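Notebook open, structure on screen.

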Amino acid sequence: MTETNATGARRGLFLILSALVFVASAAGTILWSRAMAEGMAMPGGSTVSMAWMPMPGETRLAAAAGFLAMWVAMMGAMMMPSLVPTLARDRPALESPSPALAGAGYFAVWAVMGAGVYVVGTVLVAAELRWPALAPAIPIARGVVLVAAGWVQLTPWKARHLACCREGRPGAARPGAAWRRGISLGVDCVLCCVPFMTLLVVTGMMNLAMIALTALAITVERVAREPALVVRLAGLLVIGAGALEIVRAV
């Protein structure tokens with residue numbers, strides 16, 4: 001009975017700490033979104049989020065660090081509602097500091113993805129500024145990318161990684177195993193979320209409404225008893241958004 005009570009206490013502490021992390025992440029995301037609300041005018045009349053550009057007097061390294069901090073906070077707000085149930089189901093992990101280590105490994109993977117997203121985003125923005133002739137093709141390119149992302153959402157590849165996100169990996173009480181478990185889960189979830197992250201980045205990463213809708217879609221497809229319908233509907237909506245972007249640009 002004592003062991004059961006101890007495990008229950010650890011579970012309760014884990015849930016409380018997770019809730020605090022979620023609240024802090026959500027607050028940080030809201031603050032950053034408001035700070036970056038005004039976009040920069042681009043050739044062709046479009047706008048781009050200031051998240052891709054250094055502030056006046058800011059170095060590129062400082063801008064990259066700020067972006068990563070914002071990205072990790074946003075991922076915390078978006079992923080915690082579906083990550084916590086996965087980690088909380090692992091009773092052996094709750095008998096050690098493993099949930100925290102697994103979570104650290106999980107978000108380390110998301111940080112690496114954020115670094116890649118920042119590099120790609122800044123390169124594309126710099127290219128658009130340097131070659132204004134690219135401006136007319138940008139909306140069409142966005143539409144094509146969204147259609148491709150929606151198609152990925154409907155593939156068995158997506159279903160396989162979603163299953164790994166929903167079920168998690170076997171838990172272990174050893175800290176090193178927990179860290180590796182978090183990294184493995186993070187890789188699966190990053191790959192699973194490629195369509196949603198593409199939608200978020202392409203349509204406006206600092207748009208709070210889009211962030212909330214994307215987080216809701218990710219959570220529902222991971223906790224729903226039968227996620228297939230949700231996955232298909234989300235894929236079709238992303239394809240539709242891409243097709244609409246192409247039609248508007250033509």
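My entries follow, starting with the ground rules.

**Ground rules.** I am working with a predicted model, where local features need pLDDT of at least 70, side-chain atom pairs count only at pLDDT 80 or more, and totals for chains, interfaces and linings use all residues. Residues are numbered from 1 along each chain as its sequence is written, and side-chain values use heavy atoms, with hydrogens and water left out.

**Salt bridges.** How many salt bridges does the structure hold? I found two, taking a salt bridge as a side-chain nitrogen of Lys or Arg within 4 Å of a carboxyl oxygen of Asp or Glu.

I looked at Glu 221 with Lys 158 and read 2.7 Å between the closest N and O atoms. Glu 221 sits in helix H8 (residues 208-223) and Lys 158 in helix H5 (residues 156-167), so this pair ties together parts 63 residues apart in sequence. Helices here are DSSP runs (H or I, at least four residues) and strands are too (E, at least two), numbered from the N terminus. Buried or exposed? I noted Glu 221 as buried, at 0% relative accessibility, and Lys 158 as buried, also at 0%. The cut-offs are under 20% relative accessible area for buried, over 50% for exposed, and partly exposed in between (1.4 Å probe, protein chains only).

Next I took Glu 245 with Arg 142, whose closest N and O atoms are 3.1 Å apart. Arg 142 counts as partly exposed at 24% relative accessibility.

**H4 against H9.** I then checked how these two helices pack: the angle is about 165° and the axes are 7 Å apart. Axes are lines fitted to C-alpha atoms over the stretch in contact, with angles from 0 to 180 degrees between N-to-C directions. That makes H4 roughly antiparallel to H9, a label for angles over 145 degrees. Both Arg 142 in H4 and Glu 245 in H9 are among the residues that meet here; contact means heavy atoms within 4.5 Å. I logged the contact residues as 15 nonpolar, five polar and two charged; Gly counts as polar, Ala and Val are among the nonpolar, and Asp, Glu, Lys and Arg are the charged ones.

**Trp 52.** Where does Trp 52 lie? I placed Trp 52 in the loop between strand E2 (47-48) and helix H2 (60-88). Trp 52 is buried, at 6% relative accessibility. Its C-alpha atom is 5.5 Å from that of Thr 122, 70 residues apart along the chain. Leaving out residues up to four places away in sequence, Trp 52 touches Thr 122 and others, including Arg 60, Phe 67, Tyr 118 and Met 205.

How values were computed:
Parallel < 35°, antiparallel > 145°, perpendicular 65-115°, else oblique.
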